[in-house]
Amino acid sequence: MTRDAAVEFIDRVPNGAWINGTWSDGDGSRALVVDNPARGASMVTLAPGGPEHVRAACEAAAAAQPAWAATAPRQRAEVLRRCWSTMLDHRDELAALITLEHGKPLSDALAEVTYAAEFFRWNSEEAVRIEGAMRTAPGGSNRIIVRHPPVGVVVVITPWNFPAAMLTRKLAPALAAGNTVVVKPAAETPLTALRLAELCHDAGVPAGTFNVVSTDRAAEWFEAAVEHPAVRMLSFTGSTEVGRRLLRRAADRVLKVTMELGGNAPFIVFDDADLDAAVEGAMVAKMRHSAETCTAANRFFVHEAIAGRFVERLAAAMDGLRVGDGFDAGVEVGPMINADAISSIDTLVADSIGRGAAVAAGGRPLDGAGHFYAPTVLHGVAQGDAITTNEIFGPVAPVISFANTDDVVAMANDTEMGLVAYVFTKNLARGLGVSERLESGMIGLNRGVVSDPAAPFGGMKQSGLGREGSTEGIYEFCETQYIATDW
Ligand code: SIN
């Protein structure tokens, strides 16, 4: 039943472009093949958009923006709230689409839809609370009025790991502030975004306000968008490497940007930590959504006094996970997104073993048609090995032991990334003290998950620019205008 509605959408989706409130003709001379990673086989071939579709979407967004910005905040809030309830009404269908195109277990996909929908509810509440200010100039001669109008047309580029949530985390605040949006979903997972465009339209989002153009050629898509004179902002989630390239090009048009980029999260376990809680937190921080998250713990630093026991328990928990097709009952870990992902994970694991790491669990790809990797624990890993400097984006936990606090803080900070860090200790003073020394935009203190629409999500250093969610999130999609007033 759940899967039927998703399959029905896949059977009827006419192409890969939703522009100005309707399906547009895609470029029939090209093919965007969407795979099912659990089978390693293609599910549907879409006609993607070409540069002319990107331009048409920007035109539609530009035409719709003044009226949307002029809509009363309360009315925008009500539209967003209907998007929230519409997503929940279609929770099963959207989750099945996510599992089909991404592969994550259905339970994770259901959780993602709830999480994604929550960005609409949260931002419907924020839409009516965009604050301004009025001050008397220090000299007393005039007033300073500050307001926050929308930026205008926003280009949104989303990754494949959360086909719904990484879109709504940008879309909802952008719409709440009065912007219109042109979205490029990841080539691997365009279906959820296309269905969401249709559902949001049904929920009252006006034509032209939310456009989706999928593509098999990302660079060409971006070029058409960045060159369009109506585009004023770029919001991107993806790797730091791609983010740097987009930033360089966005600089040519001085676009406003937000960037949610790569992570290399340290997970620190002190000798006084509650070991059960630390292992449970490690499993969530590592394995949530099949370990394909930028918040995933990438390096486990465990105090030498408890490292042996921690590795034993973590390995048992990883060995106990059921890996398989996300639709099968009891499956907790799905396939990786494609064959390249398996090969890059396995290269890092083999390199680490070659440098002396020992395997406590897993350590290899799994046989079969889909792209599966065994949940893996490595111990005796050396800080500086490729597995500690690259984002693994897969179900591998490298464990490094440490002896003192200064050393572990130095190792944790020894990366150009600074998205999230996790700290486990029963001593709150130590936990907060270490948290303040970590160069990281988010900290999970005795918690393996930080994601929350009500909290500011984002990184320090090369993990990004700006914050998504919370009260900060909506202001990223606003300008600041000051009016010097005399009367
Ligand atoms: C991400 O992996 O990009 C985001 C993870 C999250 O929001 O939990």
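**Figure 1. Phe267 and Tyr422 are both buried in this predicted model.** Phe267 belongs to strand β12 (residues 265–269) and Tyr422 to strand β18 (residues 420–424), so their pairing ties together parts that are 155 residues apart in sequence. The ring centres of Phe267 and Tyr422 are 5.7 Å apart and the ring planes stand at 35°, so the pair is classed as tilted. Both residues also belong to a cluster, linked by ring pairs, that consists of Phe267, Phe300, Phe310, Tyr422 and Phe424.

**Figure 2. Trp160 and Phe393 form an edge-to-face aromatic pair.** The count of aromatic pairs in the model comes to ten. In the pair shown here, the ring centres of Trp160 and Phe393 are separated by 5.6 Å and the planes are at 80°; planes over 60 degrees apart count as edge-to-face, so this pair is assigned to that class. Distant parts of the chain are linked by the pair: Trp160 sits in the loop between β7 (153–157) and α6 (165–177), whereas Phe393 sits in the loop between α13 (386–389) and β16 (396–402), 233 residues apart. The two partners fall into separate accessibility classes, with buried meaning under 20% relative accessible area. Trp160, at 18% relative accessibility, counts as buried, while Phe393, with a relative accessible area of 21%, is partly exposed.

Figure 3. The crossing is right-handed. On the α4 side, the contact involves Arg91, Asp92, Leu94, Ala95, Ala96, Ile98 and Thr99. These residues meet Leu106, Ala109, Leu110, Ala111, Glu112, Val113 and Thr114 of α5. Sorted by class, the contact of α4 with α5 comprises nine nonpolar, two polar and three charged residues.

**Figure 4. Helices α8 and α9 run roughly parallel.** The axes of α8 (residues 218–227) and α9 (residues 240–252) approach within 10 Å and cross at roughly 30°. Angles under 35 degrees count as roughly parallel, and α8 is accordingly described as roughly parallel to α9. The crossing of α8 with α9 is right-handed. Helix α8 contributes Phe222, Glu223, Val226 and Glu227 to the contact, and helix α9 contributes Leu246, Arg249 and Ala250. The residues of this contact divide into four nonpolar and three charged, with no polar residue.

How values were computed:
Residues are numbered from 1 along each chain as its sequence is written. This is a predicted model: local features need pLDDT of at least 70, side-chain atom pairs count only at pLDDT 80 or more; totals for chains, interfaces and linings use all residues. Side-chain values use heavy atoms; hydrogens and water are left out. Axes are lines fitted to C-alpha atoms, for helices over the stretch in contact, and angles run from 0 to 180 degrees between N-to-C directions. Helices (H or I, at least four residues) and strands (E, at least two) are DSSP runs, numbered from the N terminus. Angles under 35 degrees count as roughly parallel, over 145 as roughly antiparallel, 65 to 115 as roughly perpendicular and the rest as oblique. A crossing is left-handed if the near helix is turned anticlockwise from the far one by less than a right angle, and right-handed if clockwise. Contact means heavy atoms within 4.5 Å. Ala, Val, Leu, Ile, Met, Phe, Trp, Tyr, Cys and Pro count as nonpolar, Asp, Glu, Lys and Arg as charged, and the others, Gly among them, as polar. Rings of Phe, Tyr and Trp (its six-membered ring) pair if their centres lie within 6.5 Å; planes under 30 degrees apart count as stacked, over 60 as edge-to-face and the rest as tilted. Buried means under 20% relative accessible area, exposed over 50%, partly exposed in between (1.4 Å probe, protein chains only).
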